Amino acid sequence: MNFRIIRFFLSRLLLVEAGLMVLPVIIGLLYREPFSSIFSFLIVIGIITFISVLLNVKKPDIKTLHTKEGMIIVALTWIGWTCFGALPFVISGEIPFYIDAVFEMASGFTTTGASILREVESLSHSILFWRSFSHLIGGMGVLVFALAIFPTGASETVHLMRAEVPGPKFGKLVSRLKQTAIILYVIYFVMTFITIILLILGGMNVFDAVCHSFGIAGTGGFSTHNASIGFYNSPYIEWVTGIMMMLFGMNFNLFYMIVLGQTLSVWRDEELRVYLSVIFGATTVIVVSNSISGIYENLGENIRHTFFSVSSVITTTGFLTVDFAQWSLTAIFIFAMLMVIGGMAGSTGGGIKVARFTIANKSMFNEFRLMQNPRRVVVTKFNGKPLTEYQVTRIRNYVLAYVFCVITICLLISPDTPDMQTAVSATLNTFNNIGVGFATAGSAAPFTDYSIFSKIVLIFSMIAGRLEIYPIILLFSPSTYLNKS
């Protein structure tokens, strides 16, 4: 284990967070907030800078970075950013209890959107901005952002991006990974800017439009209002938000292909077709279910709220317009499935990912075919290309690890929950980075009254879910440090 290279990267990555904290300071100055709010960020910037200097006192002689070190750096960076990012909440007094502040910040960076705050409208503009801004940075990845602005070698870059970029596959858009990171963020920021403009055209003020666009882009659910998007009661805003959430739940490689004019290749992408089919199918079934239940007399209103909720859940964004937990059992079951499936690989969404879900299902049906005819040669294909047994096995192993983690987290927090449904919902909410679920939709800050232990478990649930389990397991595994190789 090369501890010096780990310290070296951590020092630089922490400085990135310190630099980003300048933005809420500017927001505080623009809105002429009390000095205590601005000072809370300035003092944290000073603390982070001091610690970064200490970590980088002795620079590493060997800068070779392997997969193990890459995963450790990613895990420590996300935990470090969360712990330091929570300090302004505490110092300003707006979230006095540190564990609550860490929970809020973990929810922000992992784009979960779960909150311990019962009321957010009294928060200062600088704190509201920092909460929502954490969605924007965490959505694409804090290390991807750092790699886009820092000079790094190809060998270091590939291991860091593989450990952080969500999804079962990792690919380069161009030959150099640094250029890939830059392209991803350019597309990301352009789409975010378009979202801001569209929301402003719908009547949102600039500050609200910026904060909500950060949440849409990162597929996080923090809002500047207690009633979330439902506060505006605007069909235009709901349609814009629903459509943009759906777009941000797509693989960003596809947007680059569109820029290159390869539109036909985009539609041929199997994961995209499954993703859109799931959204259309879920929306159709729930609309019919709501019509039968008589929840909405107006079909247009039924379709609008249903599409918005489906888009919000499958992309693991967590914005709300209505309390869908009050809908039929059929709708609740579908929402639970959408939570697990999540967005596409290479998107800002959470969950297992559509690609894994598709491949796992194909593999299962192939097993049935082999049972019918053991001599048949069956190959699992994705996007028309055969997958190796190793690739299929990795996906199966991830699904098993996912199930094991969900069961473990559910058991750990169950003493704090009144029933099984709440325990499962809280686990899926945090581990899939969605923030709301069938036992918490429409409720104010459902995580406020959890014990300190349960909050700590859920904090790691959010981070492990965002990093897709393995970096966190590797960080806390004793064998990681005993092995000298």
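Helix H16 is largely enclosed by the rest of the structure, because 12 of its 16 residues are buried. Buried means under 20% relative accessible area, exposed means over 50%, and partly exposed lies in between (1.4 Å probe, protein chains only). This is a predicted model, in which local features need pLDDT of at least 70 and side-chain atom pairs count only at pLDDT 80 or more, while totals for chains, interfaces and linings use all residues. Residues are numbered from 1 along each chain as its sequence is written, and side-chain values use heavy atoms, with hydrogens and water left out.

**The chain as a whole**

- The chain contains 23 helices and two strands; helices (H or I, at least four residues) and strands (E, at least two) are DSSP runs, numbered from the N terminus.
- Of its 485 residues, 59% count as buried.
- Among contacts with a separation of 6 or more, 73% join residues 24 or more positions apart; contact means heavy atoms within 4.5 Å.
- The accessible surface of the chain is about 20000 Å², and carbon and sulfur atoms hold 68% of that area; such areas come from the Shrake-Rupley method with a 1.4 Å probe, and for residues only the protein chains shown count as cover.

**Helix H16**

- H16 reaches 22 Å from its first C-alpha to its last, close to the 22 Å expected at 1.5 Å a residue; the expected span is 1.5 Å times one less than the number of residues.
- Its buried residues include Asn 302, Arg 304, His 305, Phe 307, Phe 308 and Ile 314.
- The buried residues of H16 pack against helix H12 (235-248), H15 and H17.
- At the start of H16, a side-chain oxygen of Asn 298 comes to within 2.8 Å of the backbone nitrogen of Gly 300. This is judged as a polar contact, a pair of N or O atoms within 3.5 Å; within protein, one must be able to donate a hydrogen and the other to accept it, and residues adjacent in sequence count only if both atoms are side-chain atoms.
- Thr 316, which follows H16, has a positive phi near 55°.

**From H16 to H17**

- Leu 320 lies in the loop between H16 and H17, and Leu 320 is buried, with a relative accessible area of 14%.
- Leu 320 and Ser 309 are 11 residues apart in sequence and 6.9 Å apart in space, C-alpha to C-alpha.
- H17 (residues 329-341) has 13 residues and spans 19 Å from its first C-alpha to its last, close to the expected 18 Å.
- Among the buried residues of H17 are Ile 332, Phe 335, Leu 338 and Met 339.
- The cover over the buried residues of H17 includes helices H15 (270-293), H16 (299-314), H18 (354-372) and H20 (420-431).
- Gly 342 follows H17 and has a positive phi, near 75°.

- Phe 35, Phe 39, Leu 42, Ile 43, Ile 47 and Ile 91 form a nonpolar patch on the surface, with about 490 Å² of accessible area together.
- The largest share of this patch, five residues, comes from helix H3 (residues 35-55).
- Ile 43 is in helix H3 and is partly exposed, with a relative accessible area of 32%.
- Ser 92 is in helix H5 (residues 87-92) and counts as buried, at 17% relative accessibility.
- The side chain of Ser 92 reaches the backbone oxygen of Phe 89 at 3.1 Å.
- Leaving aside neighbours within four places in sequence, Ser 92 is in contact with Ser 36, Ser 37, Ser 40 and Ile 127.

Methods. Patch = residues over 30% accessible without salt bridge, like charges linked within 9 Å, V, L, I, M, F, W, Y side chains within 5 Å. Salt bridge = Lys/Arg side-chain N within 4 Å of Asp/Glu carboxyl O.
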